[in-house]
Amino acid sequence: MTRKLVSEDGKMFKPNDKDSLISIVIPIYNAEKYLEECLNSIKNQTYKNFEVIMVNDGSKDDSETICKRFSEDDTRFRYFLKVNGGASSARNFGLDHVTGDFITFIDADDWVDENHLEVLINNIKENNSDMAVSSIKKFDNVSSFEFRVYSNQEKYLLNYNKLNREEFLVILPKLIHASNSYKIAVSKLFKKELVTGVRFDESIVYGEDLDFFFKLYNNINSISYVENMI
């Protein structure tokens, strides 16, 4: 079934057959301070064929109003409200409702460059990989950010286009030390089939992101890397 989608100017458009649908899962809890900027950064993506699964995890602020406005203005934004259960619960709820070919997580207090989705999906298709991982920028405030300073060894580890599962798992402990991108939920795009039977462990308080992605890493055939993305 072809979904009717709405671009940022409000016009209806039909995606090209070559454009895979990307599902973006956003867990939301009392995020009104950052949420609108986050959603606008997604709405203005150069890659248009996406759906946004906005999961309101029982927020007590004005997050619902913001979500409803986006869902009413643009049919690509889908709004869900659930009882508070934590970020893992919200992400699992989102995973249960995705319809895309590829999945990515974005947190409600994050925002992404306008070509974020385009670069990641192109990287996956050019490398024929199951997952693409990007580096991240850490902002101290709205006007400045800083990159981590990498050692020569860390730069060498991160200097790859594509690795198969065995090669990747061998160096994964070092990659986790070198870059936060490998142990957090955001900064990745991956095939939907990888999450079949895989969900976040809602009983884990710390390290639930790494636990989830370690399961996915074991499901991949190959992985690729994009530097300096979000």
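A: N30 is partly exposed, since its relative accessible area is 34%; buried means under 20% relative accessible area, exposed over 50%, and partly exposed in between, with a 1.4 Å probe and protein chains only. This is a predicted model, in which local features need pLDDT of at least 70 and side-chain atom pairs count only at pLDDT 80 or more, while totals for chains, interfaces and linings use all residues. Residues are numbered from 1 along each chain as its sequence is written, and side-chain values use heavy atoms, with hydrogens and water left out.

Q: Where is N30, and what is its phi?
A: N30 sits in the loop between β3 and α1. Its phi is positive, at about 45°, although N30 is not a glycine. Most residues other than glycine have a negative phi.

Q: And N128, is that buried or exposed?
A: N128 counts as exposed, with 56% relative accessibility. This residue belongs to the loop between α4 (116-127) and β7, and N128 also has a positive phi, of about 50°, without being a glycine.

Q: How many helices and strands are there in the protein chain?
A: The protein chain has 7 helices and 12 strands. These are DSSP runs numbered from the N terminus, helices being H or I of at least four residues and strands E of at least two.

Q: What share of the residues is buried?
A: Of the 230 residues in the protein chain, 48% count as buried.

Q: Turning to α3, how many of its residues are buried?
A: In helix α3 (residues 87-95), 7 of the 9 residues are buried, so the helix is largely enclosed by the rest of the structure. The buried residues are S88, S89, A90, R91, N92, G94 and L95.

Q: What covers them?
A: The cover includes β3 (22-28), β4 (50-57), β5 (77-82), β6 (102-105) and α7 (208-217). Contact here means heavy atoms within 4.5 Å.

Q: How do α1 and α2 cross?
A: The axes of α1 (residues 35-43) and α2 (residues 63-73) come within 10 Å and cross at roughly 20°. Axes are lines fitted to C-alpha atoms, for helices over the stretch in contact, and angles run from 0 to 180 degrees between N-to-C directions. The two helices, α1 and α2, are therefore roughly parallel; angles under 35 degrees count as roughly parallel, over 145 as roughly antiparallel, 65 to 115 as roughly perpendicular and the rest as oblique.

Q: Which residues meet there?
A: From α1, L35, E36, L39, N40 and K43 meet S63, I66, C67, R69, F70 and D73 of α2.

Q: What about α6 and α7?
A: α6 and α7 pack at an angle of about 160°, and their axes are 11 Å apart. That makes α6 roughly antiparallel to α7. R165, F168, L169, L172 and I176 of α6 make the contact with L210, F214 and Y217 of α7.

Q: Which residues touch the most other members of the largest nonpolar core?
A: They are M131, F168 and Y182, in a core of 34 residues. A nonpolar core is a set of buried Ala, Val, Leu, Ile, Met, Phe, Trp, Tyr and Cys residues joined through side-chain atoms within 4.5 Å. α6 gives the most to this core, with 5 residues. Apart from it lies another core, of 29 residues, among them L35, F50, I106 and V226.

Q: What does F168 touch?
A: Not counting residues up to four places away in sequence, F168 touches Y160, L163, L175, Y182, Y217, I220 and I223.
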